[in-house]
Amino acid sequence: LFKLPHVKRNLIQNMNRNILSEINWINANYQSINISREPIVFVGYASSRTSNQLLLPALPMNQIERIITINELRIPSIHRLDTTTTTNNLQIDLSLASRKQIGVPLSTEIIDSTQFYAITPCAKFVISAGHWDNSFRCTIIESSKLLQSIKKHKDIVTCVALASDGKTLVTGSKDTTVAIWELISKGSTIKIEGPIHILTGHDDVITCISINSDLDFVVTASKDGTCIIFNLKQGTYLRSLYHPNRLPIDLIVTSSLGNIVIYSKQDESLNMFSINGQHLNTLLAKGDVSHMLIAQKSDSLITVTTDRSIYIRKLYEFDKKTKVVVEDIVKCIAIAPDEKTLFIGLRSGKLLVISK
């Protein structure tokens with residue numbers, strides 16, 4: 001042990017290798033696929049390698065992943081991504097033409113948003129919100145058959161978020177309240193029970209929600225310029241965060257370490273806070289950000305602006321960024337768990353797949 005040389009260490013630049021840190025965007029594999037005549041407003045990813053209690057049952061371990069898209073008419077489709085090839089070929093849903101709408105029409109007071117939808121890890125069920133009757137609904141994706149319609153909020157449900165374990169659902173409403181629900185496995189189906197907690201503290205519409213299951217907290221944001229952090233399991237209040245100018249907060253994301261990034265359209269600013277409430281960084285986005293997510297493995301912040309630009313920044317170095325311009329306005333974005341593939345839904349109805 002003392003005579004043999006130490007095993008060679010990996011260089012720091014070789015750690016966490018993924019699409020965001022090592023890909024040459026010019027030479028990346030781009031697939032632009034016509035999915036729908038209407039804009040794609042939601043894209044979600046279901047991995048066969050995900051271990052979860054709510055897979056019901058788990059997807060077969062054959063490296064065929066499910067990609068779920070929902071268009072502006074609320075019509076879902078199920079595509080399959082073959083990860084056994086170097087090009088990650090996407091097989092589009094051949095039944096799309098016969099698929100039916102999910103839920104009931106959206107309220108005329110709001111604009112269709114990716115925050116109205118959440119899919120379970122098994123990619124069998126979708127939770128939808130924004131409906132005119134103040135309900136949120138659980139629907140079987142394959143058949144568009146309604147499982148549950150829940151009306152507990154007193155106004156339109158403006159956003160939904162599902163915990164990574166697939167067991168906890170959080171809804172926010174125009175009535176300024178947030179509700180926490182439990183998803184129960186019932187044989188080959190699920191049931192939403194609750195609410196187990198009703199959270200209050202905001203004075204205006206709830207605009208977005210972000211859940212961190214590992215650290216057991218949920219962050220809610222509102223037009224009143226505040227974010228409130230609650231314990232996820234107990235529903236107890238932890239602390240409040242405030243936009244520096246108390247402007248409405250439109251988007252929010254959380255990192256695996258508990259850092260929180262908020263965005264306000266009014267001043268086009270990104271602000272980052274620690275879970276303890278300390279303000280860590282601020283940056284003018286220089287554009288109207290429509291979507292935002294954090295790639296957890298690489299600690300990268302991805303923002304999408306309405307001028308068709310996608311910016312990738314290191315979470316702790318806002319000023320260093322990579323810019324990619326796509327062919328049309330982006331309506332939704334998702335990233336594979338291994339962070340080697342980006343899925344981008346466009347206004348044209350195309351799905352753009354970018355991979356190593």
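Let me begin with the cysteines: the sulfur of Cys-138 lies 9.2 Å from the closest cysteine sulfur, in Cys-122, and is therefore too far away for a bond. Cys-159 is likewise in no disulfide, the nearest cysteine sulfur being that of Cys-208, 6.5 Å away. A disulfide here is a pair of cysteine sulfur atoms within 2.5 Å, and the structure holds 0 of them.

This is a predicted model, in which local features need pLDDT of at least 70 and side-chain atom pairs count only at pLDDT 80 or more, while totals for chains, interfaces and linings use all residues. Residues are numbered from 1 along each chain as its sequence is written, and side-chain values use heavy atoms, with hydrogens and water left out.

Cys-138 counts as buried, at 1% relative accessibility; buried means under 20% relative accessible area, exposed over 50%, and partly exposed in between, with a 1.4 Å probe and protein chains only. Cys-159 is also buried, at 1%.

I turn now to the backbone. The peptide bond from Gly-194 to Pro-195 is cis, with omega near 10°. Pro-195 belongs to strand β13, residues 189-199; strands (E, at least two residues) and helices (H or I, at least four) are DSSP runs numbered from the N terminus.

Two arginines have positive phi. For Arg-74, phi is near 70°; this residue sits in the loop between β3 and β4 and is buried, with a relative accessible area of 8%. For Arg-246, phi is about 55°; Arg-246 occupies the loop between β17 and β18 and is partly exposed at 47%.

Finally, Ile-229, in strand β16, is buried at 0% relative accessibility.
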